[in-house]
Amino acid sequence: MRAARLIKMVLLLQARPSMTAAELAAELEVSERTITRDAQALSEAGVPVYADRGRTGGYRLIGGYRTRLTGLGRSEAEALFLSGVPGALREMGLADAASAARLKVSAALMPSLRDAPQSAAQRFHLDAPAWFRETPAPELLPAVADAVWDDRKVTARYRRQDTEVERELEPYGLVLKAGVWYLCARVPESGAYRVYRIDRFTAVVAGGERFARDEEFDLPGFWEERAEQFARAILRSEVVVRLSAAGVRQLPYATDRAVAREAMETAGEPDASGRVTVTLPVENEDVAYTQLMALGPEAEVLAPPELRARFAEAARRAAALYR
């Protein structure tokens, strides 16, 4: 265990000019005291690890030291080939580059690991889009992807309701969510980061100017925050529902899981019949009708009255069909 950590520490220092003890501790998931001991052990073993003292100090390798401890194990080689998403690479126009990279890595592997690409491909496949939904790749995706990889500013026109808007953007990253491509970009005028659906772009022109990327920008963190904000923003209404025990179990599958969990956390105790009354945030009554209809008799809508009346009418119609 420690040997693997020491190797990883050397590789980290080889890939970066310098790292603080806190950065190394975070990467290796140990304490800073352990980093100090590991650095001393590496130094005693002949690895030229140098410690810069002071608040801005850190650890670095001196003398252009390069380790040859870069051999891949089977699990590491298979994980490497799992990291590619063939469909997404193809849609971004990177299929040929990815294929060439895989061939080069395969050629560098030990003979005993040459079957790693086939082994991984036969054991994992990512199919991102949801069932029964055709999501063709946006025509302008390759142009946007090129600008993202090259840190190049673009002038983009996109549809916003019934109008088209033109913006200069600094394209930071791409996100593929349930088969839909999004661009996370910074608007130079305001300095704000925004999210755009790429299938709403009508034109994308990359200029000759590159932008200076904010190295502290965290694409996964930014997307998670914005996705949560979006999910909360569309929940503008509330419905009150009585759920059976089966309805409680099925609610997370009929609506957003986080919303269902929070609704149950604030619910009262079950009544005499064992049913629980919850207040559920929803996008609107039409969406609530579609979602809660999936629960059938396991859910009774109490409010608003208009939605309760819709369910009562649906129940009468269903009863007439099965009479």
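1. Ground rules. Residues are numbered from 1 along each chain as its sequence is written, and side-chain values use heavy atoms, with hydrogens and water left out. Because this is a predicted model, local features need pLDDT of at least 70 and side-chain atom pairs count only at pLDDT 80 or more, while totals for chains, interfaces and linings use all residues.

2. Helices (H or I, at least four residues) and strands (E, at least two) are DSSP runs, numbered from the N terminus. At 13% relative accessibility, Thr255 counts as buried; here buried means under 20% relative accessible area, exposed over 50%, and partly exposed in between, with a 1.4 Å probe and protein chains only. Leaving aside residues up to four places away in sequence, Thr255 touches Ala260, Leu280 and Gln291, where contact means heavy atoms within 4.5 Å.

3. The axes of H10 (residues 245-254) and H11 (residues 257-265) come within 7 Å of each other and cross at roughly 145°. Axes are lines fitted to C-alpha atoms, for helices over the stretch in contact, and angles run from 0 to 180 degrees between N-to-C directions. The crossing of H10 and H11 is right-handed; a crossing gets that name if the near helix is turned clockwise from the far one by less than a right angle, and left-handed if anticlockwise. On the H10 side the contact is made by Val248, Leu251, Pro252 and Tyr253, and on the H11 side by Arg257, Ala260 and Met264. By class, this contact has six nonpolar, no polar and one charged residues (Ala, Val, Leu, Ile, Met, Phe, Trp, Tyr, Cys and Pro count as nonpolar, Asp, Glu, Lys and Arg as charged, and the others, Gly among them, as polar).

4. Salt bridges. The whole structure holds 16 salt bridges, each defined as a side-chain nitrogen of Lys or Arg within 4 Å of a carboxyl oxygen of Asp or Glu. One of them joins Asp199 to Arg197, with the closest N and O atoms 2.6 Å apart. Asp199 is partly exposed at 33% relative accessible area, and Arg197 is partly exposed at 27%.

5. Glu313 and Arg316 meet through their side chains in a salt bridge of 3.0 Å, N to O. The two are three residues apart in H13 (residues 305-322), so about one helical turn separates them. Glu313 is partly exposed, at 36% relative accessibility. Elsewhere, salt bridges that share partners join Arg242, Asp271, Glu300 and Arg308 into one network. Within that group, the closest N and O atoms of Arg308 and Glu300 are 3.0 Å apart. Arg308 is partly exposed at 37%, and Glu300 is partly exposed at 25%.

6. Aromatic pairs. A search of the whole structure finds 11 of these. Rings of Phe, Tyr and Trp (its six-membered ring) pair if their centres lie within 6.5 Å; planes under 30 degrees apart count as stacked, over 60 as edge-to-face and the rest as tilted. Tyr172 and Phe217 have ring centres 4.8 Å apart and planes at 65°, so the pair is edge-to-face. Because Tyr172 lies in strand S4 (residues 163-177) and Phe217 in the loop between strand S7 (201-210) and helix H9 (219-233), the pair ties together parts that are 45 residues apart in sequence. Tyr172 is buried at 5%, and Phe217 is buried at 16%. The Phe217 and Phe222 rings, with centres 5.4 Å apart and planes at 50°, form a tilted pair. One aromatic cluster is formed by Tyr172, Tyr193, Phe211, Phe217 and Phe222.

7. Backbone points to check by eye. The peptide bond from Ala303 to Pro304 is cis, with omega near 0°, and Pro304 lies in the loop between strand S10 (299-303) and H13. Glu29, although not a glycine, has a positive phi of about 60°. Glu29 lies in the loop between H2 (21-28) and H3 (32-44) and is exposed, at 72% relative accessibility. Asp151 also has a positive phi, near 50°, and its place is in the loop between H8 (141-150) and S3 (152-160). At 22% relative accessibility, Asp151 counts as partly exposed.
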